[in-house]
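Q: Could you go through this structure with me, slowly, so that I learn how to read it?

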Amino acid sequence: MTQSHPDNDIRQAGPLTYRGRSIPSTTTDQRLLESRGPSDWVHTDPWRVLRIQSEFVEGFGLLSEVGQAVSVFGSARIQPGTSYYELGQSIGAKLASAGYTVITGGGPGMMEAANKGAQSSGGTSIGLGIELPFEQTLNDYIDMGVTFRYFFVRKTMFVKYSQAFVVLPGGFGTLDELFESITLVQTGKVTRFPVVLVGSAFWGGLRDWIREALLSEGVISSDDPELIRLTDDPEEVVDIIRKAHVDLARREFETQQFAETAEQVTAAQRAEDGT
Ligand SMILES: C/C(=C\CNc1ncnc2c1ncn2[C@@H]1O[C@H](COP(=O)(O)O)[C@@H](O)[C@H]1O)CO
């Protein structure tokens, strides 16, 4: 319905101001609540872009105030009561006792084991779930969680909000996460974190193949195999991560000291030169 407005009428619509004949006949809320129209745009890429944005907003919002964290990856299929499940639980517990928040994919198996261990040691246990073609909820040992629609948004969260990756035995999903993380380190996209494989009986063959096939064919650099550490000992997992963080802090401190000294020398030189 069109309404006429005297020329001196004024309407505030959020940050916008309308006067006289420019005043719309309805309010923004009215238009939002009353119109339905076609709905096919919900399945178009521009709308998906907004949904993707909203996943980043939710993820950043949940995780941005989490302290030092470690992402733990591993099979969704390994059952409670197995030695690998216990290994995952022990690693979650030791990381939490060392002060690290534990982030997993929030699913069953090794993810659940690591979350359970972290929670039982009083640490913060986080699950970043993923929508899958079959029904699944986050495991029961999660203090905070988000379930993502898009794998790539979820992957950004693991990298952005953790300072190390621990990789337990697993299948294609775990291998994807392992190789994504070492590719990010290899290409210098992330500089700060160690990648630790746990389970030498499981991962030993892969490590040897990386050294023998990849290195000998020259498709990786000679120091690339060192990007991955391998151990069976949960205590050593924590030691490797802690040592890497101490080394990093020391390097950052030295770089800062060097910059400050260089600045002082330049200032002294200028003073001497009278410039
Ligand atoms: C197979 C079953 C459930 C799968 N549920 C998952 N939930 C959350 N995250 C998952 C799930 N499956 C894979 N992931 C991610 O990949 C890694 C494990 O994959 P894998 O192929 O099992 O090694 C894991 O780190 C997750 O981030 C039925 O129980």
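The chat below goes through the model topic by topic.

Q: What kind of model is this, and what pLDDT does the protein average?
A: This is a predicted model, and the protein averages a pLDDT of 92, with 98% of the residues scoring at least 70. The model also has an ipTM of 0.93 and a pTM of 0.85.

Q: And where should I be careful with pLDDT?
A: Where pLDDT is low, the coordinates should not be read in detail.

Q: OK, how many helices and strands does the protein have?
A: The protein has 8 helices and 9 strands, and its C-alpha atoms fill a box of roughly 80 × 75 × 45 Å along the principal axes.

Q: What is the radius of gyration, and what would a compact globule have?
A: The protein has a radius of gyration of 26 Å, whereas a compact globule of 275 residues would have one near 19 Å. As for burial, 29% of the 275 residues count as buried.

Q: What share of the contacts joins residues 24 or more positions apart?
A: Among contacts with a separation of 6 or more, 65% are between residues 24 or more positions apart.

Q: Switching to the ligand, which residues are closest?
A: The ligand is surrounded by 20 residues, and the closest are Gly 105, Gly 107, Gly 170, Gly 171 and Gly 173. Strand 5 (125-130) and helix 6 (172-186) are the elements that give two or more residues to this shell, and helix 6 gives the most, with 4 residues.

Q: How many residues of that shell are nonpolar, polar or charged?
A: The shell around the ligand has 7 nonpolar, 11 polar and 2 charged residues.

Q: What about the largest nonpolar core, which residues touch the most other members?
A: That core has 47 residues, and those touching the most other members are Val 70, Val 102, Val 166, Val 167, Leu 168, Val 196 and Val 198. Helix 3 (residues 83-97) supplies the largest share of this core, 7 residues. In soluble globular proteins, nonpolar side chains tend to be buried together.

Q: Is helix 4 mostly covered or mostly open, and what does it pack against?
A: Helix 4 (residues 110-120) is mostly covered, as 10 of its 11 residues are buried, including Met 110, Glu 112, Lys 116 and Gln 119. Its buried residues pack against strand 3 (69-73), helix 3, strand 4 (101-104) and strand 5. Helix 4 is followed by Gly 122, whose phi is positive, near 80°.

Note on methods:
Residues numbered from 1 in each chain as written. pLDDT = per-residue confidence, 0-100. Near = placed C-beta within 6 Å. Nonpolar A, V, L, I, M, F, W, Y, C, P; charged D, E, K, R; others polar. Core = buried A, V, L, I, M, F, W, Y, C linked by C-beta atoms within 7 Å. Buried ≥ 20, exposed ≤ 12 C-beta atoms within 10 Å, placed from the backbone. Rg over C-alpha atoms; globule rule 2.2 N^0.38 Å. Contact = placed C-beta atoms within 7 Å.
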